[in-house]
Amino acid sequence: MKQFLDQNFLLKTKTAQCLYHEYAKDMPVIDYHCHLSPQQIADDLMFESLSEVWLYGDHYKWRAMRANGVQEDYITGNKTDWEKFQKWSETVPYTLRNPLYHWTHLELQRYFDIDTILNGDTAKKIYDECTAKLQTPAYSVRNLLRKMNVKAVCTTDDPIDSLKHHQKIKDDGFEIPILPAFRPDNAMNVSSAEKFNIYVKKIEAVTGIAVSSFDDFLFALQNRHDFFASMGCSVSDHGLEEIYAEDFTGSEIDAIFNKVHGGKELNEAEQNKFKSAMLIHFAEWDWEKGWVQQFHLGALRNNNSRMSQTLGPDTGWDSIGDFSHARSLSKFLDKLDSNNKLAKTIVYNLNPADNELMATMIGNFNDGSSAGKIQWGSAWWFLDQKDGMTKQINTLSNMGLLSRFIGMLTDSRSFLSYPRHEYFRRILCDLFGDEIENGELPNDVPWVGKIIQDICFNNAQNYFNWKLDAKPVAAKKVTV
Ligand SMILES: [Zn+2]
């Protein structure tokens, strides 16, 4: 029997072990989409307790605790950090086979050198040991990034963000680029006239541009797009239920804007037209600047209205939606491609039923201008687990080129989430190792090792056109 979470965790064959240890393990990490706080990096924050770094804001853990019957007081309520940690620790043994179980123990091992299984009995010792370590400079957030061999991070930022924290990080000369990503979801959300107009006021304030027409609004947003570019941004991101690809005319959008700006609510058809227009404008700006655009599609959010109203968004009340993506995604990408304005694009689906759809859709718009121009993003959110990642990798292999995949990202709010890259790499190496040993792939370990290194790091570096301070990891000659 294998040991739990030993050095060959998830690596069933000798070839998989060789691929992981000799090729994948030491490759640097590019985290091209996450939700880390730029302020915490600017401040080079040190966390006060393991609860702060693990439990503040981690809605994956919150959902598990709720499912385990833990009262909200111990999750988002007023209980102390220790009391909350104790409840989480008591929950951990009940998370067997959920990725949280693996993530929790990988994080304890990789960051804190702790091999002990976390449960109610071991909680105090682990809490004290980790909390003590977190007080030392080695555990400042910048050092946590260094420890995990991270070479670039893209945060997720609203166009109205001043990016002052990014500026501070740059001014400090921090060697890991912490780049903003332009996420204009709020600028196209016209489901409430009141909220939209509050946003318009904010963009007026930040740009000094008075907005009285749709053209003014676009001009102000483009001003922010330019500003983000001047701050090193080269990536946009959109979190949408679905792609909006309605036909529209300029005069229709002008009228819709005037209506909502005048405080009147839009009907659904008007909202969809407006969102369709915004998406095209954003996409064209991205293309003009040579940015990469990302679309995270298919989350049905805030399903529990009682709790969402109490705790706000991103507190664990979201699920997989069953939106219909094919026609609108096709129409949107085709419109841009027809005008020769299709930027490099990454699409992520939340519903695994859409895997084959996504894997085949990206193939329609690769134009030979660069390898893997249109990417189907890594298994995301609810799919970011062994089964979900395996299915994404297999479907991409079957219907596209896995070898050109730009690989994993954390999409996390936590500085302790980087072992998710390791998790992905182990699964990837295991799949290749299995097929080499089965005779389904040639026993050409250096070539397969090179492809694995590309998926771990090189493809992303080339895709985003970043010249990162990363020493290449030599492909080693290994006999298995
Ligand atoms: Zn995200």
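Contact is defined here as heavy atoms within 4.5 Å. The structure is a predicted model, in which local features need pLDDT of at least 70, side-chain atom pairs count only at pLDDT 80 or more, and totals for chains, interfaces and linings use all residues. Residues are numbered from 1 along each chain as its sequence is written, and side-chain values use heavy atoms, with hydrogens and water left out.

By the contact definition, I452 touches L19, A24, L428, C429 and F432, with residues up to four places away in sequence not counted. I452 belongs to helix α20, which covers residues 445–463. Helices (H or I, at least four residues) and strands (E, at least two) are DSSP runs numbered from the N terminus. I452 has a relative accessible area of 0% and is therefore buried. Buried stands for under 20% relative accessible area, exposed for over 50%, and partly exposed for values in between, with a 1.4 Å probe and protein chains only. Between I452 and F405, which are 47 residues apart along the chain, the C-alpha atoms are separated by 9.8 Å.

Helix α19 runs over residues 419–437 and has 19 residues. From its first C-alpha to its last, α19 reaches 27 Å, close to the 27 Å expected at 1.5 Å a residue. The expected span of a helix is 1.5 Å times one less than its number of residues. Of the 19 residues in α19, 15 are buried, so the helix is mostly covered. After α19 comes G439, with a positive phi near 80 degrees. In general, an α-helix has 3.6 residues a turn, so residues three or four places apart point the same way.

D430 is one of the residues of helix α19. With a relative accessible area of 7%, D430 is buried. When its neighbours within four places in sequence are left aside, D430 is in contact with L10, L11, K12, T13 and A16.

Helix α19 also takes part in the lining of a pocket. The second largest pocket has a volume of about 410 Å³. It is lined by 19 residues, and the closest to its centre are Y20, K25, R110, M148 and E422. The elements giving two or more residues to this lining are α1 (14–24), α6 (99–112) and α19. Among these, α19 gives the most, with five residues. Pockets were found on a 1 Å grid over the protein atoms alone: a cavity is a set of points where a 1.4 Å probe fits but cannot get out, while a pocket is an open set with protein on both sides within 12 Å along at least five of seven lines, and lining residues have an atom within 4 Å of a point. Grid points are joined across faces, edges and corners, and a volume is the space filled by probe spheres set on the points.

A disulfide is counted as a pair of cysteine sulfur atoms within 2.5 Å. By this rule there are zero disulfides. C18 is in no disulfide, and the nearest cysteine sulfur, that of C429, is 9.1 Å away. C429 is likewise in no disulfide, with the nearest cysteine sulfur, that of C456, 6.3 Å away. C18 is buried at a relative accessible area of 9%, and C429 is buried at 0%.

H296 is located in strand β5, residues 292–297. Its relative accessible area is 3%, so H296 is buried. The side chain of H296 makes a polar contact of 2.7 Å with the side chain of D237. A polar contact is a pair of N or O atoms within 3.5 Å; within protein, one must be able to donate a hydrogen and the other to accept it, and residues adjacent in sequence count only if both atoms are side-chain atoms. Not counting residues up to four places away in sequence, H296 touches H33, D237, H238, G239, L240, Y348, W380 and D411.

Most residues other than glycine have a negative phi. N302 is not a glycine, yet its phi is positive, about 55 degrees. N302 sits in the loop between β6 (299–300) and α15 (305–311) and is partly exposed, with a relative accessible area of 34%. D314, also not a glycine, has a positive phi of about 55 degrees. D314 lies in the loop between α15 and β7 (319–320) and is partly exposed at 30% relative accessibility.
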